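Hi everyone, thanks for coming.

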Amino acid sequence: MNEKRLQEIEKKAYDHGLFTSKLNKTDAEIAIQKIYAVFKNQGFDAAIINDRFAQRFNGDRLRFLELMEDAGELEQGNKYQRRLSPYEYDFLRGYVEYGKYAITHDKEERGIHKGKISEIIDPEKTRAYQHLCHMIVGQEEVKHTLYKLAAVYQFARKREEYNLMSPPIHKVLAFVGPPGTAKTTAALLFGEMMAEEGILGGNRIAYVTGTQLKAKYVGQTSDRVHQMFEDNDIIIIDEAYSLVNYNETDRTDNFSQEALAQLCMEVEDHSDDKLIIFAGYGGKISEKNNKMKKFLDENPGIASRITFMVQFAPYTAEEMLKIFESLANMATFRLEKGWEEIMQPFFEERVQDENFGNGREARRFLENAMAIAAERFARWAITAEFSNPYEREREERQRLSILTCEDLKKAFEEFQKEHQFG
């Protein structure tokens, strides 16, 4: 095992010990010095260095592999237990537990991949990418960016297989843009692309909002966040900024602070082996609505790990027409001829509004038009008469399957009244 890989494993073992012992970083740094002093059968005076408040990888910790062997199974009454405090010993147990697991796993991985060169898969040929292009209207720059990112991660893996040294390319992304621009859909499908290409260890996906990271009681939130990262290969965190209270008169609650602290640790720990995507409002929108920028500015531990920022653009009026038509088709509705002349002016004005909801507005308008059509159908059905059931069935099927221009006009009028628009 080369020194770089040894340092990576030791750092993660250190963080695991920090998590399991609940020590603060200052006490953890003292603990690690004392652990290696016990390992070398030294007194503690030599272990406590003057700049102990600074975390660093020192010469002793290069003997990490030897320590793992020396610690053994940490049987009751061992020398470490006798000479460390209970909290320091808890740190050691977490440190050794992760270290042994990672060393064993690393050996197995090297055995599996030795001499094995992975197959290059064209990102464009993956089912997920094709699905993405079919489902998402517009966003051509986003589609190209995701294609490029999938190629970048394959490129990095291929270099690693040939033992070509490269700086790590973290798999931590931010998807930012106005509301209703398909950020969540794109994040889910990009995760599937990465899994199809074999970049990740699996395809288990966790999709949560910031508020869902918080547990019921203080102390449980960090475990919830940690377990989410342990159990999944793809972690998508939507609206992470909901963890932060931006009201100057109120402090961010303890649950949110705990979630943010653990989230920073997990992102640091899993930026290479997991795909982590933060999604939310940001990019080319008004400053007051740019919640992702404010969140990342106030959480540099997370922001510094984000390798790529994927920008989603607001939709044009023409794209909104396509989205509306696509949603209607998926709902098995036929649009009466001339519907574009009604919807075009509506969307042309809506895209100029600061609170324009993009794709969500197309969905909401469709739902309003369906409500108008339902009322129209009910009034017709009460008085309609037919000579036989087959004639009724044919007529009902046709009326249930169409949105008329009149339906759209009435939905437009109701929207005007509700929003004082037009």
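This is a predicted model: local features need pLDDT of at least 70, side-chain atom pairs count only at pLDDT 80 or more; totals for chains, interfaces and linings use all residues.

Numbering starts from 1 along each chain as its sequence is written, and side-chain values use heavy atoms, leaving out hydrogens and water.

The protein has 17 helices and 7 strands; those are DSSP runs numbered from the N terminus, H or I of at least four residues for helices, E of at least two for strands. Of its 422 residues, 44% count as buried, meaning under 20% relative accessible area, with exposed over 50% and partly exposed in between, using a 1.4 Å probe and protein chains only.

Now, how do helix 2 and helix 3 meet? The axes of helix 2 (residues 25–39) and helix 3 (residues 64–71) come within 11 Å and cross at roughly 70°. That makes helix 2 roughly perpendicular to helix 3, a label for angles of 65 to 115 degrees. The axes are lines fitted to C-alpha atoms over the stretch in contact, and angles run from 0 to 180 degrees between N-to-C directions.

Last, the loops. Most residues other than glycine have a negative phi. Lys22, though, has a positive phi of about 65°; Lys22 sits between helix 1 (3–21) and helix 2 and is exposed at 53% relative accessible area. Glu239 has a positive phi too, about 50°, and is partly exposed at 28%.

How values were computed:
Angles under 35 degrees count as roughly parallel, over 145 as roughly antiparallel, 65 to 115 as roughly perpendicular and the rest as oblique.
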